[in-house]
Amino acid sequence: MPVAAEELLTAGIQAGLFTAEQLQQWRRQAQLKRRRVLEVVCAQGRLPLAALYRALAQQRQMPFVDLGTAEVDSGLWARTPVGLRSTGRAVPVRQNNGTVLVATLEPDDPSLPGRMAQLFAAQVELALCDPDSLQRLLARMAPEAPSPGLSAPGLDAVELMDEVIHQAFLHRASDVHLEPTAQGYQIRFRIDGRLRLFWSDLSSSLGAALASRVKVLAGLDIAQQRAPQDGRFSFQPPGRSELTLDIRVATIPTRWGERVTLRLLGCETVELKLEALGLDPEDLSLFRRALGCPHGMILLTGPTGSGKTTTLYAAMNELDRQARNILTVEDPIEYLLPGVSQVQVDGQLVTFASALRSLLRHDPDVIMVGEIRDLETADVAIKAAMTGHLILSTLHTNSALGAISRLVDIGCAAYLVASTLQLVMAQRLVRKLCPGCRKPRSVEAGEAELLGVEPGTQVFDASESGCARCLGTGYFGRTGLFEPLEMTSSLRRLVAQGADQTTLEQHTQSKLKTLRQDGVRKVLRGITTLSEVLQATV
């Protein structure tokens, strides 16, 4: 018999995926909407069905197999009756040291181990799988066979694309990559800044059908496959009527076919808090003091994908949007903020510089500029900061001090930079250890010097097998590393005098807390790992 829904829900509570109180609330929602409880739990908890099956496997102390990405032994597959494979009762995965690993949706079938052992003339180890990954396996191994789940994924590109986007949302993915290969197509999700394989060995025809479906949704020319195209469309995750995803699409021809990348942006009101970003108390206090200034400029620096925009939104959530007129110019608008007028840049009629000039005629108190890319935008922003406005923006530099040199290098007057800057803060993102499965260890001698501690001090590493909460990765979510630079009077004098980068570094050496130092603090507090910090702060 298949696993009962109640058993999955109980395992989810024990694994910490949700609480009993949340489950009671979601049961009521399921009754009102006449939907299955599991669907409501996955939608409201924003977790894939695989998390519940992984939690059950963890509870039963048995292996879990993601069939969507597993390398299945074709010889074992061919020897298994079609009826067993297509229903998920028995899916052979691989044979190792004379033992065949068999994935199943029915772990309580007492006759299954003996039947499979007789079939393969070998010992059998049962592993739990989930229905969603079984569908993906059937789509690539036996697309003609009926699927036991929601649909027949090999037959309907429309339903399949909706399911891929839905799964990306449930997996907390920021990007979806549909990539052609010599063998066909594969789908990868970017989760917590890392790419993870979601679906391997898609047929070329199915991959091309998915690419065409995305182009239809984004209003692109499906007949044009030899030139890059860009577009966007909206998607509402099933069971989340209050939420709409804004999805940006980019296509480009490659050697093996057309590649498609989707960026998922949550166009909804988010109550981001500065406390949730990972700022230390003294850095948080410094940032809030800068936000309290009536005029001047606050800059966030770092490479693409370092969380600068998220920090800006959290900062605007700190401001009094009723008493202050807050305007933004962005490319694109990533979140909708009530009480804030947000302008989208299109690169032609509306540019950062032109929009910023126009916003100055709308009696602003605070202006957020998505990015300072050129002298024209920087010049308007600095003059706005001089004339009684608080300007929040971002700049692509590797360090906080690098922002000062960058502004001067692109043509801004050094004395204007010195007089308008209030705070520059560099930041990076690192993955957070999953609190449910992180493992303690002792610091080795070579690491002790980097961390500034004695050998043997306890830190934490990610679990190799992970758990249900982190879907086997050992990490869940990300936090920021911050390098705040306050513009003191002595630093302003040096900048106004045209001091070079080396002089500025020597002046701030004893006062500036670097990204690496902030990362070391978070390693010692068990928030992240040393390898994450070293990779982010090279």
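Is Phe-198 buried or exposed? Phe-198 counts as buried, because its relative accessibility is 6% and buried means under 20% relative accessible area, exposed over 50% and partly exposed in between, with a 1.4 Å probe and protein chains only.

This is a predicted model, in which local features need pLDDT of at least 70 and side-chain atom pairs count only at pLDDT 80 or more, while totals for chains, interfaces and linings use all residues. Residues are numbered from 1 along each chain as its sequence is written, and side-chain values use heavy atoms, with hydrogens and water left out.

1. The sheet. Seven strands form an open sheet with mixed pairing, in the order β12-β11-β13-β14-β10-β15-β18. Each of β12 (340–344) and β18 (475–486) has a single partner strand, so one side of each edge strand is left without a neighbour in the sheet. On average, neighbouring strands here are turned by 20° against each other, direction ignored. Helices (H or I, at least four residues) and strands (E, at least two) are DSSP runs, numbered from the N terminus, and two strands pair if DSSP finds at least two bridges between them. Strands of a sheet pair through backbone hydrogen bonds, either parallel or antiparallel.

2. Strand β13 (residues 366–369) pairs with strand β14 (residues 390–395) in the parallel sense, over four bridges. In this pair, Val-366 stands opposite Leu-390 in β14.

3. A helix on the sheet. Helix α20 (residues 515–524) lies across β15 (421–433) and β18, and runs at about 140° to β18. Axes are lines fitted to C-alpha atoms, for helices over the stretch in contact, and angles run from 0 to 180 degrees between N-to-C directions.

4. Aromatic pairs. The whole structure holds four aromatic pairs; rings of Phe, Tyr and Trp (its six-membered ring) pair if their centres lie within 6.5 Å, with planes under 30 degrees apart counted as stacked, over 60 as edge-to-face and the rest as tilted. One of them is the stacked pair of Phe-189 and Phe-198, at 4.3 Å centre to centre and 20° between the planes. Phe-189 is buried, with a relative accessible area of 1%. Phe-189, Phe-198 and Trp-199 form one aromatic cluster.

5. A second aromatic pair. Tyr-313 and Tyr-335 are edge-to-face, 5.0 Å centre to centre with 90° between the planes. This pair links distant parts of the chain: Tyr-313 is in helix α12 (residues 308–318) and Tyr-335 in the loop between β11 (326–330) and β12, 22 residues apart. Tyr-313 is buried at 0% relative accessibility, and Tyr-335 is buried at 18%.

6. Charges over rings. Arg-136 lies over the face of Phe-198, 3.9 Å from the ring centre. Arg-431 lies over the face of Tyr-475, 3.8 Å from the ring centre. A charge sits over a ring if NZ of Lys or CZ of Arg is within 6 Å of the ring centre and within 35 degrees of the ring normal.

7. Thr-529. This residue is in the loop between α20 and α21 (530–536) and is buried, with a relative accessible area of 1%. Beyond its neighbours within four places in sequence, Thr-529 is in contact (heavy atoms within 4.5 Å) with residues including Leu-433, Phe-460 and Tyr-475.

8. Backbone points. The peptide bond from Asp-331 to Pro-332 is cis, with omega near -5°. Arg-34 is not a glycine but has a positive phi of about 55°, and is exposed, with a relative accessible area of 80%.
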